[in-house]
Amino acid sequence: MLPTTLVNSGSQGNGVLSPRDAARHTAGAKRYKYLRRLFHFRQMDFEFALWQMLYLFTSPQRVYRNFHYRKQTKDQWARDDPAFLVLLSVWLCVSTVGFGFVLDMGFFETIKLLLWVVFIDCVGVGLLIATLMWFISNKYLVKQQNRDYDVEWGYAFDVHLNAFYPLLVILHFIQLFFINYVIISDSFIGYFVGNTLWLIAIGYYIYVTFLGYSALPFLKNTAILLYPFALLIMLYLISLACGWNFTKMLCSFYKYRVK
């Protein structure tokens, strides 16, 4: 059963953490603990990480409810277990190899593609988006400007990983079954299917990101994070009218990058 009460045994009588316990709750201490657990697979809860991956598709609100419980019990919003990141990395490797196979890439070209997807598409873009959202949310969305009410950078990166996972599965796994036989063709049905998958994938990313920040009780006006939906739908309709095939453009880009 998930806990619903605050556990704060290390606090003093007035509710303030002792200096020793406060040191354990610094960003540096949390980061060190997280990185150290990357090398201890037995300490990772892969079963729970798989549960999160499943519910990111069926009920992402339940995933963020667990983040709320973590704040109550461990005094941090961000994950302290790297199991989700490890499983996501495995998904990235498997799906990228599949992508390379579908695009008829050689071994070394597939390795280059894998490095690009991991370090640029996921980590690089993720660091950029997480930092941008961390700055925007703390600068403009916090109800009360107080150091006790701020968005952790680690949580912003977790939100990106949560939103990136469904996008990865849709574009790098489900889409693979349609690329060569449907999407790559110059027919309307080709770019309709491909662009629709892009619409669903990016829409998922926007929605899961919105849920992540709306789950924080000290943020306001988080509905503005849904505004990109209007631009996304407009771009989708324009692409169908102009015959743009986003998947075909992505495949051409990947082939160019691995040459």
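**Entry 1: the second largest pocket.** I began with the classes of residue in the lining of the second largest pocket, and I found 19 nonpolar, three polar and one charged. A reminder to myself: this is a predicted model. I then looked up the volume of this pocket, which is about 680 Å³. Its lining is made up of 23 residues, and those nearest the centre are Val125, Ile129, Leu167, Ile202 and Tyr205. I also noted which elements give two or more residues to this lining: α6 (107-141), α7, α9 (188-214), α10 (228-242) and α11 (246-257).

**Entry 2: the cavity.** How many cavities of 30 Å³ or more does a search of the whole structure find? I got one. The space in the largest cavity comes to about 40 Å³. Around it I listed Ile129, Ala130, Met133, Ala156, Val159, His160, Tyr205, Thr209 and Tyr213 as the lining. Helices α6, α7 and α9 each give two or more residues to that lining. Sorted by class, the cavity lining has seven nonpolar and two polar residues, with no charged ones.

**Entry 3: α5 against α7.** Next I turned to helix packing. Two packed helices are described by the angle between their axes and the distance between the axes. For helix α5 (residues 83-102) and helix α7 (residues 153-174), I noted an angle of about 20 degrees and axes 10 Å apart. An angle under 35 degrees counts as roughly parallel, so α5 and α7 are roughly parallel to each other. I wrote down the crossing of α5 and α7 as left-handed. From α5, the residues in contact are Phe84, Leu85, Leu88, Trp91, Leu92, Ser95, Thr96 and Phe99. Facing them from α7 are Leu161, Asn162, Phe164, Tyr165, Leu168, Leu171, His172 and Phe173. By class, I have 12 nonpolar and four polar residues in this contact, and no charged ones.

**Entry 4: α7 against α8.** I stayed with α7 and looked at helix α8 (residues 176-183). The two pack at an angle of about 45 degrees, with their axes 5 Å apart. His172, Phe173 and Ile174 of α7 touch Leu176, Phe177 and Phe178 of α8. This contact divides into five nonpolar residues and one polar, with no charged residue.

**Entry 5: Val193.** I picked out Val193, which lies in helix α9. Leaving aside neighbours within four places in sequence, I found Val193 in contact with Val182 and Ile183. I also checked Val193 against Phe178, 15 residues apart along the chain: their C-alpha atoms are separated by 8.4 Å.

**Entry 6: α6 against α11.** My last pair was α6 and α11, whose axes come within 10 Å and cross at roughly 110 degrees. α6 and α11 are therefore roughly perpendicular to each other. Leu113, Trp116, Val117 and Asp121 of α6 make the contact with Phe253, Tyr254 and Arg257 of α11. Here I counted five nonpolar and two charged residues, with no polar ones.

Notes
Residues are numbered from 1 along each chain as its sequence is written. This is a predicted model: local features need pLDDT of at least 70, side-chain atom pairs count only at pLDDT 80 or more; totals for chains, interfaces and linings use all residues. Side-chain values use heavy atoms; hydrogens and water are left out. Axes are lines fitted to C-alpha atoms, for helices over the stretch in contact, and angles run from 0 to 180 degrees between N-to-C directions. Helices (H or I, at least four residues) and strands (E, at least two) are DSSP runs, numbered from the N terminus. Angles under 35 degrees count as roughly parallel, over 145 as roughly antiparallel, 65 to 115 as roughly perpendicular and the rest as oblique. A crossing is left-handed if the near helix is turned anticlockwise from the far one by less than a right angle, and right-handed if clockwise. Contact means heavy atoms within 4.5 Å. Ala, Val, Leu, Ile, Met, Phe, Trp, Tyr, Cys and Pro count as nonpolar, Asp, Glu, Lys and Arg as charged, and the others, Gly among them, as polar. On a 1 Å grid over the protein atoms alone, a cavity is a set of points where a 1.4 Å probe fits but cannot get out, and a pocket is an open set with protein on both sides within 12 Å along at least five of seven lines; lining residues have an atom within 4 Å of a point. Grid points are joined across faces, edges and corners, and a volume is the space filled by probe spheres set on the points.
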